[in-house]
Amino acid sequence: IDQVLIHQKVELLEAFIGFETNNQYEIKNSLGQKIYKAKEKNDCCTRNCCGSLRSFDMKITDNMDREVIRLIRPFRCVSCCCPCCLQEVCPKHLPGVSV
């Protein structure tokens with residue numbers, strides 16, 4: 001793979017009324033072929049109250065719906081009072097799965 005393109009799927013409910021839903025992404029190669037998909041998982045309250053600071057668990061699966069990587073982002077409070085609490089994402093590679 002020489003290039004990876006990530007496209008977020010647009011949710012109609014989110015687009016029309018601003019109610020945050022779990023984000024979903026298609027991951028494509030340079031030819032536009034879908035090679036992976038990603039889906040965010042968290043609760044409604046976290047999505048709508050914490051916005052872009054929210055924590056999440058994201059599964060990245062192949063075209064056969066097998067999980068290949070999991071991304072975990074813990075909640076971090078970012079403010080001028082806590083400049084040391086920067087956002088981070090922890091990738092978790094699954095044993096026996098090659099990407």
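Is Lys37 buried, exposed or partly exposed? I looked this up before anything else. Lys37 is partly exposed, at a relative accessible area of 34%. The cut-offs I used are under 20% for buried, over 50% for exposed, and partly exposed in between, with a 1.4 Å probe and protein chains only.

**Ground rules**

I am working on a predicted model, where local features need pLDDT of at least 70, side-chain atom pairs count only at pLDDT 80 or more, and totals for chains, interfaces and linings use all residues. Residues are numbered from 1 along each chain as its sequence is written, and side-chain values use heavy atoms, with hydrogens and water left out.

**The sheet**

I traced the strands next. Helices (H or I, at least four residues) and strands (E, at least two) are DSSP runs, numbered from the N terminus. Two strands count as paired if DSSP finds at least two bridges between them.

I found an open sheet of six strands, in the order β1-β2-β3-β4-β5-β6, with antiparallel pairing. β1 (5-8) and β6 (90-93) are at the edges with a single partner strand each, so one side of each has no neighbour in the sheet. From one strand to the next the twist averages 20 degrees. For such angles, axes are lines fitted to C-alpha atoms (for helices over the stretch in contact), and angles run from 0 to 180 degrees between N-to-C directions.

I then went through some strand pairs.

- β1 and β2 run antiparallel and are joined by four bridges. Gln8 stands opposite Tyr25 in β2.
- β2 and β3 pair in the antiparallel sense over five bridges. Here Glu26 stands opposite Lys37 in β3.
- β2 and β3 also form a hairpin, with five residues between them. Gly32 in the turn has a positive phi of about 85 degrees.
- β5 (residues 67-73) pairs with β6 in the antiparallel sense over four bridges. Arg70 stands opposite Lys92 in β6.

**Salt bridges**

How many salt bridges are there? I set the rule down before counting: a side-chain nitrogen of Lys or Arg within 4 Å of a carboxyl oxygen of Asp or Glu. The count comes to five salt bridges.

I returned to Lys37. Lys37 forms a salt bridge with Asp65, and the closest N and O atoms are 3.4 Å apart. Lys37 is in strand β3 (residues 34-41) and Asp65 in the loop between β4 (56-62) and β5, so this pair ties together parts 28 residues apart in sequence. Asp65 is exposed, with a relative accessible area of 52%.

Arg70 came next. Asp57 forms a salt bridge with Arg70, the closest N and O atoms being 3.7 Å apart. That pair links distant parts of the chain, with Asp57 in strand β4 and Arg70 in strand β5, 13 residues apart. Glu67 also forms a salt bridge with Arg70, here with the closest N and O atoms 2.8 Å apart. I noted Asp57, Glu67 and Arg70 as linked in a network of salt bridges. Asp57 counts as partly exposed at 24% relative accessibility. Arg70 counts as partly exposed at 23%.

**A nonpolar patch**

Which residues make the nonpolar surface patch? I listed Leu12, Leu13, Phe16, Ile17 and Phe19, over about 580 Å². Patch residues have over 30% relative accessible area and no salt bridge; like charges are joined within 9 Å, and nonpolar side chains (Val, Leu, Ile, Met, Phe, Trp, Tyr) within 5 Å. Areas come from the Shrake-Rupley method with a 1.4 Å probe, and for residues only the protein chains shown count as cover.

Phe19 lies in the loop between α1 (12-17) and β2 (24-28). Phe19 counts as partly exposed, at 32% relative accessibility.
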